[in-house]
Amino acid sequence: MIRVEHLSKHFGNLQVLKDINVEIKRGEVISIIGPSGTGKSTFLRCLNLLDHPCGGRIEIDGVDILASKAEVPALRRRMGMVFQSFNLFAHLTVLENLCIGPIRLLGRPVADAADKGMELLRMVGLAEKGQQFPDQLSGGQKQRVAIARCLSMEPKIILFDEPTSALDPTMVSEVLGVIRRLARQGMTMAIVTHEMEFARDVSTRVLYMDEGLIYEEGPPEQIFEHPMRERTRDFIGKVR
Ligand code: ADP
Ligand code: MG
């Protein structure tokens with residue numbers, strides 16, 4: 001589904017991504033871990049072109065998205081992104097937040113978008129919140145709405161950038177629960193997270209990022225129990 005080759009990105013003199021190579025297959029759940037400042041967010045932002053890479057290649061479903069003729073809006077539509085900071089539309093109700101994309105960007109009839117929106121709200125356990133405004137919700141509820149809004153656009157893959165880092169500990173599990181359910185349903189996802197236990201039991205593969213590289217990758221048991229390289233061992237030792 002996604003193939004990244006020799007991806008690089010610098011900001012001025014700061015080389016953040018040096019040489020990223022990775023493939024993500026349909027149905028995989030990839031956790032991306034590593035110290036802060038190692039370019040995890042930059043990597044996700046490059047994947048959907050919120051940041052423009054300086055070099056390398058990104059192929060999505062066989063299409064080179066850095067080629068000048070690539071359809072960036074169509075590409076973004078296939079990739080959902082969920083941020084640490086929710087980014088809901090404050091002036092719209094919860095249900096309107098879920099309908100606006102399908103209506104404006106996918107051309108769905110209003111009634112269909114509303115039905116689908118309600119279905120998604122049920123799925124994230126917020127069926128009774130459709131008429132409220134985002135600032136009437138808790139952080140965990142806002143993030144569940146943000147995930148539902150992302151799903152309303154029918155993405156093929158969802159990129160999560162620390163979806164629980166802004167939440168009180170009591171709200172983390174309700175958000176992780178929704179992501180777990182998506183994983184069971186076979187959604188392809190890449191998740192930057194500091195929740196190691198979650199990464200361990202939900203991921204099919206873990207990428208440890210350091211030094212501008214995917215420094216080590218493997219199945220969760222390998223990365224968490226038997227990391228092979230020194231910096232991975234240090235990091236896992238500290239976060240455990
Ligand atoms: P992580 O998500 O792993 O914590 P980031 O991708 O956010 O790391 O950042 C990697 C490095 O790139 C950091 O040193 C950060 O300060 C820098 N950086 C990120 N975005 C920008 C930007 N738009 N301009 C300049 N520097 C940036
Ligand atoms: Mg980050």
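In the predicted model, strand β7, helix α6 (residues 169-184) and strand β8 form a right-handed β-α-β unit. Helices (H or I, at least four residues) and strands (E, at least two) are DSSP runs, numbered from the N terminus. A crossover counts as right-handed if, with the strands pointing away from the viewer, the path from the first strand over the helix to the second runs clockwise. Residues are numbered from 1 along each chain as its sequence is written, chains are lettered from A and ligands numbered from 1 in the order in which they are written, and side-chain values use heavy atoms, with hydrogens and water left out. As the model is predicted, local features need pLDDT of at least 70 and side-chain atom pairs count only at pLDDT 80 or more, while totals for chains, interfaces and linings use all residues.

Strand β7 (residues 157-161) has 5 of its 5 residues buried, so this strand is largely enclosed by the rest of the structure. Here, buried means under 20% relative accessible area, exposed over 50%, and partly exposed in between (1.4 Å probe, protein chains only). In a regular strand the side chains alternate between the two faces of the sheet. In β7, Ile157, Leu159 and Asp161 point one way, whereas Ile158 and Phe160 point the other way.

Strand β7 runs parallel to β6 (residues 79-82), to which 4 bridges join it, and parallel to β8 (residues 188-192), to which 5 bridges join it. Two strands are taken to pair if DSSP finds at least two bridges between them. Isoleucine 157 of β7 is the bridge partner of methionine 79, and in β8 the bridge partner of isoleucine 157 is threonine 188. Isoleucine 158, in turn, stands opposite methionine 189 of β8.

An open sheet is formed by 6 strands in the order β6-β7-β8-β3-β9-β10, with mixed pairing. Strands β6 and β10 (213-218) stand at the edges with a single partner strand each, so one side of each is left without a neighbour in the sheet. Direction ignored, neighbouring strands of this sheet are turned by 20 degrees against each other on average. Helix α1 (residues 40-47) packs on the sheet, where it touches β3 (29-33), β6, β7, β8 and β9 (205-210), and its direction makes about 150 degrees with that of β7. Axes are lines fitted to C-alpha atoms, for helices over the stretch in contact, and angles run from 0 to 180 degrees between N-to-C directions; contact means heavy atoms within 4.5 Å. Threonine 42 is placed in α1 and is buried, with a relative accessible area of 11%. Not counting residues up to four places away in sequence, threonine 42 touches Lys9, Phe11, Val16, Leu17 and Asp51.

For helix α4 (residues 110-123), the 14 residues should span 20 Å at 1.5 Å a residue, and the end C-alpha atoms are 20 Å apart, which agrees. The expected span is 1.5 Å times one less than the number of residues. Buried residues of α4 are Ala113, Gly117, Leu120, Leu121 and Met123. These residues cover an arc of only 150 degrees around the axis, which puts them on the same side of α4; the arc is that of the directions from the helix axis to the C-beta atoms. Ala111, Asp115 and Arg122 are exposed on the other side of α4. The cover of the buried residues includes α3 (94-104), α5 (139-152) and α6. Just after α4, glycine 125 takes a positive phi of about 75 degrees.

Most residues other than glycine have a negative phi. A positive phi near 45 degrees is found for aspartate 61, in the loop between β4 (55-60) and β5 (63-64). Aspartate 61 is partly exposed, with a relative accessible area of 37%. Glutamate 162, in the loop between β7 and α6, likewise has a positive phi near 45 degrees, but is buried, with a relative accessible area of 15%.

Glutamine 143, found in helix α5, is buried with a relative accessible area of 0%. Leaving aside neighbours within four places in sequence, glutamine 143 is in contact with Val82, Phe83, Gln84, Phe86, Pro163 and Val175. The C-alpha atoms of glutamine 143 and isoleucine 2 are separated by 26 Å, the two residues being 141 residues apart along the chain.
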